[in-house]
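Please open the structure in your viewer and keep the selection tool at hand.

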Amino acid sequence: MSVFARIADKWALLIIEALGERTLRFGELKAAVDGISHKMLGQTLRNLERDGIVERTPYATVPPRVDYALTPAGRELQETVHGICHWTRRHAGHVEASRRRFDDPDGD
């Protein structure tokens, strides 16, 4: 899978945006990324870690604790992701109206 395809994934974008400038635990990330399953969160985090976007820090505690944070490359990418998310929120109404016109050109 190409680097672009991996980071352009819906879940990857939402995880990168959620991490922002702070470190989160798995449960906090799951709560921050609406609708993501436990399995998909784990898989996406592993892929982002493999690609050097996210770093995973395990702690030898009881219960086990693992923190996730963006790497320097991930923080740089997050600036772009934040811009995409901001654009999406700002233009969501326009996109939805355009889709309605396209899907129903006769206005029925």
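Begin by selecting Trp11, Ala12, Ile15 and Ile16 in α2, which meet Met40, Leu41, Thr44, Leu45 and Leu48 in α4; contact means heavy atoms within 4.5 Å. The residues of this contact of α2 with α4 comprise eight nonpolar, one polar and no charged (Ala, Val, Leu, Ile, Met, Phe, Trp, Tyr, Cys and Pro count as nonpolar, Asp, Glu, Lys and Arg as charged, and the others, Gly among them, as polar).

The model is predicted: local features need pLDDT of at least 70, side-chain atom pairs count only at pLDDT 80 or more, and totals for chains, interfaces and linings use all residues. Residues are numbered from 1 along each chain as its sequence is written, and side-chain values use heavy atoms, with hydrogens and water left out.

Next, display helix α2 (residues 10–19) together with helix α4 (residues 38–50): they pack at an angle of about 75°, and their axes are 10 Å apart. Axes are lines fitted to C-alpha atoms, for helices over the stretch in contact, and angles run from 0 to 180 degrees between N-to-C directions. Helices (H or I, at least four residues) are DSSP runs, numbered from the N terminus.

Now select lysine 10, which lies over the face of tryptophan 11, at 4.4 Å from the ring centre. A charge sits over a ring if NZ of Lys or CZ of Arg is within 6 Å of the ring centre and within 35 degrees of the ring normal. Move on to arginine 65, whose charged end sits over the ring of tyrosine 59, 4.5 Å from its centre.

Finally, select arginine 101 in helix α5 (residues 72–103). Is arginine 101 buried or exposed? Arginine 101 is exposed, with a relative accessible area of 53% (buried means under 20%, exposed over 50%, partly exposed in between, with a 1.4 Å probe and protein chains only). Arginine 101 and glutamate 17 are 84 residues apart in sequence and 31 Å apart in space, C-alpha to C-alpha.

Definitions and conventions: Helix = DSSP H or I, 4+ residues; strand = E, 2+ residues; numbered from the N terminus.
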